[in-house]
Amino acid sequence: MYEVEVKVRADHDAVRDRLVDLDATGTRRVRQVDTYYDAPHRDFAETDEALRIRRETVADGANDGGGGAETKVTYKGPLVEAESKTREEFETAVADGDAAEGILGGLGFSPAATVEKDREFFEFDGYTVTLDDVAGVGEFVEVEREAAESEIEPAREGAYAVLRDLGLDPDDQIRTSYLGLLLRSQDMPNDTPE
């Protein structure tokens, strides 16, 4: 499966009001701390890949049944098209985030940077709409869904339609990752993928 995603900068208050008008379903609020890793055997910036450990906690004191916290390991492959941030993605929950960090470190992977964000999720018209407040970078709206390779183009066009429904312009799309935006904002050399 591929993650088909479009992302734009946007004021959350206006978008949230529009989501209410469209009867979108708010699903959850979370805080995510993503640690990205450099590989010892290849340059992820050159191959356009990413490996991260995400620690997620449920916002507002809510409990998701799992103690309100979860850790996942994610691998993101290279972007597969120029019109969106579509890429193959593999993700799995891990029982012990510290152990996962130890495994990666033991294999020679080293932490490259950390991205912190507060996220509010909505479901609308078969897509997940996420309002992201990224520390040091700003406010964004992401529209995404998973699709088989043969469904990438229709899924992207549907995401564009959702952006337009929210009063946003798909032509304002940003294909750079939050990690890439953060590194640019800090004037750090970007040796990790966009």
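**Ground rules**

I am working on a predicted model, where local features need pLDDT of at least 70, side-chain atom pairs count only at pLDDT 80 or more, and totals for chains, interfaces and linings use all residues. I number residues from 1 along each chain as its sequence is written, and side-chain values use heavy atoms, with hydrogens and water left out.

**Entry: helix α3**

I started with α3, residues 97-106. Helices (H or I, at least four residues) and strands (E, at least two) are DSSP runs, numbered from the N terminus. I looked up burial along the helix and found Gly97, Ala100 and Leu104 buried. Buried means under 20% relative accessible area, exposed over 50%, and partly exposed in between, using a 1.4 Å probe and protein chains only. Viewed down the axis of α3, the buried residues fall within an arc of 55°, so they line one face of the helix. That arc is taken from the directions from the helix axis to the C-beta atoms. On the other side of α3 I noted Asp98, Ile103 and Gly106 as exposed.

What do the buried residues of α3 pack against? They pack against four strands: β2 (25-38), β3 (50-58), β4 (69-79) and β5 (87-94).

I then checked the ends. Asp96 caps the N-terminal end, with a side-chain oxygen 3.0 Å from the backbone nitrogen of Asp98. After α3 comes Gly108, with a positive phi near 95°.

**Entry: Asp34**

I found Asp34 in strand β2. Is Asp34 buried or exposed? Asp34 is buried, at a relative accessible area of 0%. I looked for polar contacts, meaning pairs of N or O atoms within 3.5 Å; within protein, one must be able to donate a hydrogen and the other to accept it, and residues adjacent in sequence count only if both atoms are side-chain atoms. The Asp34 side chain has such a contact with the side chain of Arg54 at 2.7 Å. It has another with the side chain of Lys117 at 2.5 Å. Contact in general means heavy atoms within 4.5 Å. Not counting residues up to four places away in sequence, Asp34 touches, among others, Ile53, Ala113 and Val115.

**Entry: Glu81**

I moved to the loop between β4 and β5, where Glu81 lies. Glu81 is buried, at 14% relative accessible area. Its side chain makes a polar contact of 2.5 Å with the side chain of Ser84. A polar contact of 2.7 Å joins the side chains of Glu81 and Arg156. Leaving aside neighbours within four places in sequence, I list Thr86, Ile152, Arg156 and Arg175 as contacts of Glu81.

I read strand β7 (127-134) next. Seven of its eight residues are buried, so β7 is largely enclosed by the rest of the structure. Strands pair if DSSP finds at least two bridges between them. Eight bridges join β6 (residues 110-124) to β7, and the two run antiparallel. Glu120 stands opposite Leu131 in β7. Two residues separate the strands of this hairpin, where Asp125 takes a positive phi near 55°.

On to β8 (138-147). β7 and β8 pair antiparallel over seven bridges. The bridge partner of Asp132 in β8 is Phe140. Three residues lie between β7 and β8, and Gly136 in the turn has a positive phi of about 80°.

Ala135 sits in that loop and counts as partly exposed at 41% relative accessibility.
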